[in-house]
Amino acid sequence: MYIIHNHIVDYPDKNVLDIGTDEKEADNAQLFSTGIHPKLIDNTFDEKFKIVSNLAALPNCAAIGECGIDVFSSATVAKQKETFIQHLHLAQQYSKPVIIHCVRAYSEIISAINATRFSLPVVMHSYNGNIQTTEQLLRRENIYFSFSDKILARNSSAQKSLEIIPLCRILIETDNSSSPLQPIVSLIATQKRVGEEEVIKSNNQVFEQVIMNYEL
Ligand SMILES: [Zn+2]
């Protein structure tokens, strides 16, 4: 199974390893993403963003991110939005998709996507938005929803939102958990009334659509 977002080095399945700004990992990873997590935005941002910009040019860089806006970051939302837009411009420069980390800032994320006219694929990672947010995001054809084990929490927003997200917009990720993905696959299969193989097949197709059509 292909994994769109992963932090575990040497994960056995084909995956996009989030290396942040770790240049050493770029040589080892088959596919990686690079970006500055919104919680890591501080006064070293410009320096780190230079590293991200260099990494973005490498052929095994599959995506830009995770990047985005998190209300629990010590950086202001305004600063985070500004740096998120820098990531979007970088993704546009290399025609690569973005992997977004968003906590309670969906309207700011959408406004940044609109402001940059970003039309490459956008992956909302470890998605846990509510129904209203999901409806809004679904209106943009380039947005995909990636589910981690957060969806397994009883009555999670992700579980409720899953009802209105079609399979062709769904991805599955490990994020930083080493727990098996089978319970996530199973939950999606049950909700969508399809077999688990169907969910995996769809995930792989969506992965290829998001990653492979761009620069690889
Ligand atoms: Zn992550």
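Ile200 touches Met1 and Val185 when residues up to four places away in sequence are not counted, two residues being in contact if their C-beta atoms, placed from the backbone, lie within 7 Å. The structure is a predicted model, in which local features need pLDDT of at least 70, side-chain atom pairs count only at pLDDT 80 or more, and totals for chains, interfaces and linings use all residues. Residues are numbered from 1 along each chain as its sequence is written. Ile200 is placed in helix 8; helices (H or I, at least four residues) and strands (E, at least two) are DSSP runs, numbered from the N terminus. With 18 other C-beta atoms within 10 Å, Ile200 is partly exposed. On this scale a residue is buried if 20 or more other C-beta atoms lie within 10 Å of its own, exposed if 12 or fewer, and partly exposed in between, with C-beta atoms placed from the backbone. Ile200 and Ile164 are 36 residues apart along the chain, and their C-alpha atoms are separated by 19 Å.

Helix 8 (residues 196-212) also takes part in a helix-helix contact: its axis and that of helix 7 (residues 182-192) come within 8 Å and cross at roughly 105 degrees. Axes are lines fitted to C-alpha atoms, for helices over the stretch in contact, and angles run from 0 to 180 degrees between N-to-C directions. Helix 7 and helix 8 are therefore roughly perpendicular to each other, given that angles under 35 degrees count as roughly parallel, over 145 as roughly antiparallel, 65 to 115 as roughly perpendicular and the rest as oblique. Helix 7 contributes Val185, Ser186, Ile188 and Ala189 to the contact, and helix 8 contributes Glu196, Glu198, Val199 and Ile200. These residues divide into 5 nonpolar, 1 polar and 2 charged, where Ala, Val, Leu, Ile, Met, Phe, Trp, Tyr, Cys and Pro count as nonpolar, Asp, Glu, Lys and Arg as charged, and the others, Gly among them, as polar. The loop between helix 7 and helix 8 holds Arg193. Arg193 is exposed, with 7 other C-beta atoms within 10 Å, and its phi is near 55 degrees, a positive value in a residue other than glycine.

The chain as a whole has 8 helices and 8 strands. Its radius of gyration is 16 Å, close to the 17 Å that the globule rule gives for 216 residues, so the chain is as compact as a globular protein of that length. The radius is taken over C-alpha atoms, and the globule rule is 2.2 Å times the number of residues to the power 0.38. Along the principal axes, the C-alpha atoms fill a box of roughly 50 × 35 × 30 Å. Buried residues make up 41% of the 216. Of the contacts between residues at least 6 apart in sequence, 66% join residues at least 24 apart.

The largest nonpolar core has 54 residues, of which Val16, Val98, Ile100, Val123, Met124 and Tyr144 touch the most other members. Such a core is a set of buried Ala, Val, Leu, Ile, Met, Phe, Trp, Tyr and Cys residues joined through C-beta atoms within 7 Å. Strand 4 (residues 61-70) supplies the largest share of this core, 6 residues. Beyond four places in sequence, Tyr144 is in contact with Pro121, Val122, Val123, Met124, Arg169, Leu171, Val206 and Val210.

Strand 4 also contains Glu66, which a cis peptide bond joins to Gly65, with omega about 5 degrees. Most residues other than glycine have a negative phi, and most peptide bonds are trans.

Glu66 is among the residues touched by His125, the others being His5, Ile99, Ile100, His101, Ser146 and Glu173, with residues up to four places away in sequence not counted. His125 is found in the loop between strand 6 and helix 5 and counts as buried, with 25 C-beta neighbours inside 10 Å. His125 and His101 are 24 residues apart in sequence and 5.8 Å apart in space, C-alpha to C-alpha. Ser126 lies in the loop between strand 6 (122-124) and helix 5 (131-138). Ser126 counts as buried, with 24 C-beta neighbours inside 10 Å, and its phi is near 45 degrees, a positive value in a residue other than glycine.

Asn6, in strand 1 (residues 3-6), counts as buried with 23 C-beta neighbours inside 10 Å. Leaving aside neighbours within four places in sequence, Asn6 is in contact with Tyr11, Asn15, Val16, Leu17, Asp18, Glu173 and Thr174.
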